[in-house]
Amino acid sequence: MKSDGKVVVEKVGGRSTVTRCFSKYPLKFIIPNKVGPSKTDAVWIYSLTYGGGIVSGDSISCELTIGDGCATVLTTQASTKVYKSMGSKCSEQALEARIGSDAILAIVPDPVTCFSTARYSQKQVFRVVSDSNLVIVDWITSGRHESGERWDFDLYKSTNRILLEGDLPLFLDTVLLERGSIASIAERMQDYQVIAMVVLFGE
Amino acid sequence: MKIEPALLSLKRKSDEPGGSSPVPNKKPNSVEDGEEDLIPLHSLQITIPSSTALALTQPHHLMNTFFPPMEDGMEAHIEVEKPTPTDSHLQWSQWQLIDSILPTGGFAHSFGLEAAIQARIISGPEDLQTFVIHVLENTGSLLLPFVFSATISPDLETWQKLDRTLDAMLTNEVGRKASIAQGSALMRVAAAVFSETPSLKSMRDTSVGSGVVSFHHAPIFGLTCGLLGLDSRTSQRAYLFITMRDVISAATRLNLVGPMGAAVLQHQIVVLAEAILTKWMDRTVEEACQTTPLLDTVQGCHAYLFSRLFCS
């Protein structure tokens, strides 16, 4: 799979260690050493985009492999801003993660914020085995609501899939918020400005 | 009076080759010689009683004599009534399937309405119409693909795969359990009622107790329609219909609207419901998605309600 980023975490000397890290513009990974308490064995990966946001037409994909017994956190430096769409182009992000036996992956980004007329689609696929552990947080705000942009984007689509031992679907969820539906997005979201989904899988 | 040219070329009952001769008017949408059975729709209404064949060779200037004069630009259609015994019986089956009297337990579910009322998302009858439309839209985007796929391919393997996929997609536990309850009930009833399709019963018997199938509602509904011989458009429309029926029925029992108001509301929503059908029909399950995540969340809260009338 063609990727803009790839990180592999494996046990080295009994500790979760990044053994491979590659990223291509506009994606960048920052892996600081001193995030959690030193007694905790976990790798923290911050993913960033140059420019601080996702521009219309960007397509960013990355792969994560978490080896057996490792712990990894993937998060962001700030909220993922999706700028307005130029010429109806859609921006996309894709993540494919493999989680090994007795390993844990926590995806805890800041929320996605789509600006007015933005078009954004993301897909996250997690391939687990029976004793993998996952924490997934997937959330979106209504936009720059202080500026009056409330659910004013054109398209937001988020797909999360957890597949066991290859192909068995354990969890499939796609949320689609699109302008021009029978009821407007704002109407479907009522007075709420943010919606989040948290998935906990494992022990 | 000017009548739009109507070209009729109907097949003769006799075995005369070539069929009836076309009207000599060659207007832009004329029928080519030799094209039988093509009846362009123009300003003529003919109802042909069943078992009657009619050969029409009608010179244009004689139209007025045989048929009542028509208004300019009047639309018309040609009905050939030829009901066969199976078609009529199918209608009865179709109506029985969507009748609320069929004991599938649909009346026990409010589709998140009860939770929405207690969460103050709905305060009055005006909010109810909005709520029903949102439920229908989410049903369309999430469940119609399953109804569609099961109707066009009503076999054991497809059904079991659809059931597994839907089980992974119904992430709201309340909605998931409701789907299983309604699906199991529907399958039990349909297998017993529609005995002319023994495969329903055999599929059910194979799957019960196997642990492989959860018996979700939408695939079973589609499966039943497909085995009965209903087309996919009808089965998808029917699924939206029974969803609307159950939500509005729940609304009357929750005292949100009276029975008369509910009936009026149900009819008022038809135009939007059909638009929802047109938008979401005939899709694959890979395209299935939630379009009203807030409603899904609210329905999930049903389990936490202190006092409740409905199961979901």
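# Report on the contact of chains A and B and on local features

The contact between the two chains takes 24 residues from chain B and 21 residues from chain A. The model described here is a predicted one.

**The interface**

The size of an interface is often given as the accessible area lost when the parts come together. Between chain B and chain A, the buried area is about 1900 Å², and carbon and sulfur atoms give 67% of this area. Polar contact joins 5 residue pairs between chain B and chain A, with both residues at pLDDT 80 or more. The count of salt bridges between chain B and chain A is 0.

On the side of chain B that touches chain A, at least two residues are supplied by each of α4 (125-142), α6 (156-169), α12 (270-280) and α13 (293-300) of chain B. The helix that gives the most to this side is α12(B), with 5 residues. Divided by class, the side of chain B that touches chain A has 12 nonpolar residues, 8 polar residues and 4 charged residues.

| Helix pair | Angle | Distance between axes |
|---|---|---|
| α5(B) (residues 144-152) and α10(B) (residues 232-253) | about 145° | 9 Å |
| α8(B) (residues 198-207) and α9(B) (residues 217-228) | about 145° | 9 Å |

For α5(B) and α10(B), the crossing is right-handed. From α5(B), the residues that make the contact are L144(B), V147(B), F148(B), T151(B) and I152(B), while α10(B) contributes S232(B), S235(B), Q236(B), Y239(B) and L240(B). The residues of this contact comprise 6 nonpolar and 4 polar residues, with no charged ones.

In the packing of α8(B) with α9(B), the residues S199(B), L200(B) and M203(B) of α8(B) meet L223(B), T224(B) and L227(B) of α9(B). The contact of α8(B) with α9(B) has 4 nonpolar and 2 polar residues, and no charged residues.

**Salt bridges**

Side chains of opposite charge can pair when their charged atoms come close. Over all chains, the structure holds 15 salt bridges. One salt bridge is formed by K24(A) with D4(A), whose closest N and O atoms are 3.8 Å apart. This pair links distant parts of the chain, the two residues being 20 residues apart. K24(A) lies in the loop between β2 (15-23) and β3 (27-30) of chain A, whereas D4(A) lies in the segment before β1 (5-12) of chain A.

**Backbone features in chain A**

The loop between β2 and β3 of chain A is also the place of P26(A). A cis peptide bond joins Y25(A) to P26(A), with an omega of about 5°.

Terms used:
Residues are numbered from 1 along each chain as its sequence is written. Chains are lettered from A and ligands numbered from 1 in the order in which they are written. This is a predicted model: local features need pLDDT of at least 70, side-chain atom pairs count only at pLDDT 80 or more; totals for chains, interfaces and linings use all residues. Side-chain values use heavy atoms; hydrogens and water are left out. Contact means heavy atoms within 4.5 Å. Buried area is the accessible area (1.4 Å probe) that two parts lose on being put together, summed over both. A salt bridge is a side-chain nitrogen of Lys or Arg within 4 Å of a carboxyl oxygen of Asp or Glu. A polar contact is a pair of N or O atoms within 3.5 Å; within protein, one must be able to donate a hydrogen and the other to accept it, and residues adjacent in sequence count only if both atoms are side-chain atoms. Helices (H or I, at least four residues) and strands (E, at least two) are DSSP runs, numbered from the N terminus. Ala, Val, Leu, Ile, Met, Phe, Trp, Tyr, Cys and Pro count as nonpolar, Asp, Glu, Lys and Arg as charged, and the others, Gly among them, as polar. Axes are lines fitted to C-alpha atoms, for helices over the stretch in contact, and angles run from 0 to 180 degrees between N-to-C directions. A crossing is left-handed if the near helix is turned anticlockwise from the far one by less than a right angle, and right-handed if clockwise.
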